[in-house]
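Me: I keep meeting terms in structure reports and would like to see where they come from. Can we go through some of them on a real example?

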There are 2 protein chains.
Amino acid sequence: MSEGADTRGGAAGRNLLFLREEELRLAQDLLFFGYRDFTAGPDAILAEMGMGRAHHRVLHFLGRRPGLTVGELLSILAITKQSLSRVLTPLVEGGFVAQAPGRADRRQRHLSLTPAGEALERRLFERQRETVTRAYREAGPVAVEGFRHVMRGLMEPEARRAMERLGAPDRPSVRAVPLGKPGLGGKAP
Amino acid sequence: MSEGADTRGGAAGRNLLFLREEELRLAQDLLFFGYRDFTAGPDAILAEMGMGRAHHRVLHFLGRRPGLTVGELLSILAITKQSLSRVLTPLVEGGFVAQAPGRADRRQRHLSLTPAGEALERRLFERQRETVTRAYREAGPVAVEGFRHVMRGLMEPEARRAMERLGAPDRPSVRAVPLGKPGLGGKAP
DNA sequence: ATATTTGAGTCAATGACGCTGACCAAACCA
DNA sequence: TGGTTTGGTCAGCGTCATTGACTCAAATAT
């Protein structure tokens, strides 16, 4: 609060108390077009397989943290159980995701990628790698640091915590005991 | 091709030919969480009014470039006419968007915000301004420059061209002649 | 002057992705 | 034993996007 009060806002940055109209409009444009094109590659691959972006998210976070439970995945994605179910069930039945009951708490289902799931995730990953590598190379390392900083700043505290948990070097986590039997609640009554 | 060949990739940046796994995973996380929270504010406001993100996009681009024709808007959003229609029709009927026939080509419909549309767009804008201002202030001006550079790099050439057109200082454009009569093709046969 | 193309709009059907509310079963825990 | 937590299910709704086929008016090309 002791840094002056240039409320009229000048060029980008300064010590802004608020953004000039044009600066925000630019940010809106950048995020709209950038995010759209960032997801376009995987979207196209997924569409061929009758899947969508939601499937990719599950594959991505399971690739990042094998052994996540359903509940943990739900809190990361911040969607409802039913929404996750509509995506997760086909992934399990299609042989992309494996489930293993928790050792400590057998109600939990620890999720992980099967080899087929890893292969698909890898394919989507490589597609996105092209896009991001190009952007990073064009922009340079300093810009990349800035990009990360700003993106993190856009997040709510909840999302920042979720990222910390994901990024943490490690966690005990059940190493996805490949218990072949799904043994789920039972699809048909 | 003359920039060395450090294919093993090192720390962030360098002159990367490809990204280390962890760097890309981080970028994926940042874009997912960041974009989600960036849109969360407006989404909540819109939901109260029975609208969605697609409505916001229309309001945003019309706020930025009053007088856009339907065709121009379609090419910016890169969606189909039918998808736009489902969003645009309620906005027109709800009194948020006005249409004016083109002077040169009377088949065209030049779109602009009504006062009610401007008010709504402003409300969504102010909500997002809070989010982005916070992120920019935390990150600082250098980071903001980097953020912009990277986001632009994520875009396909097509989107970059669209942004240039939007950002261009001006364009002749019909100044949205407030011709009261919609005079549309006729809703009922 | 007729024919084609273009800009806008429409109907019908489909699908992905999110939501709520209600409910059930198994497992854990006090 | 009884309450809570974890995971799963059914039914229904709404948004946002898609394709295909069609109308209509205005502009333009032959």
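Predicted model: local features only at pLDDT ≥ 70, side-chain atom pairs only at ≥ 80, totals over all residues.

Me: How do you know that the span of helix α6 of chain B agrees with its number of residues?
Reply: Helix α6 of chain B has 14 residues, so at 1.5 Å a residue it should span 20 Å. Its end C-alpha atoms are 20 Å apart, which agrees.

Me: What makes residues of α6(B) count as buried, and which are they?
Reply: Buried means under 20% relative accessible area. The residues of α6(B) that are buried include A143(B), F147(B), V150(B) and L154(B). They pack against α1, α5 and α6 of chain A, together with α1, α5 and α7 of chain B.

Me: Now the DNA. What makes a residue "near" DNA strand C?
Reply: One of its heavy atoms has to lie within 4 Å of the strand. 28 residues surround DNA strand C, with G52(A), R53(A), R86(A), K81(B) and R107(B) the closest.

Me: Why is the pair between Q82(A) and DNA strand C called a polar contact?
Reply: The cut-off for a pair of N or O atoms is 3.5 Å. An N or O atom in the side chain of Q82(A) is 2.9 Å from a base oxygen of DNA strand C, so the pair is within the cut-off.

Me: And how do you know that V70(B) makes one?
Reply: A backbone N or O atom of V70(B) lies 3.4 Å from a phosphate oxygen of DNA strand C. That is within 3.5 Å, so this pair counts too.

Technical notes
Residues numbered from 1 in each chain as written. Chains lettered and ligands numbered in written order. Heavy atoms only, no water. Polar contact = N/O pair within 3.5 Å; in protein donor to acceptor, adjacent residues only side chain to side chain. Helix = DSSP H or I, 4+ residues; strand = E, 2+ residues; numbered from the N terminus. Expected span 1.5 Å × (residues − 1). Buried < 20%, exposed > 50% of the residue type's maximum accessible area, 1.4 Å probe, protein only. Contact = heavy atoms within 4.5 Å.
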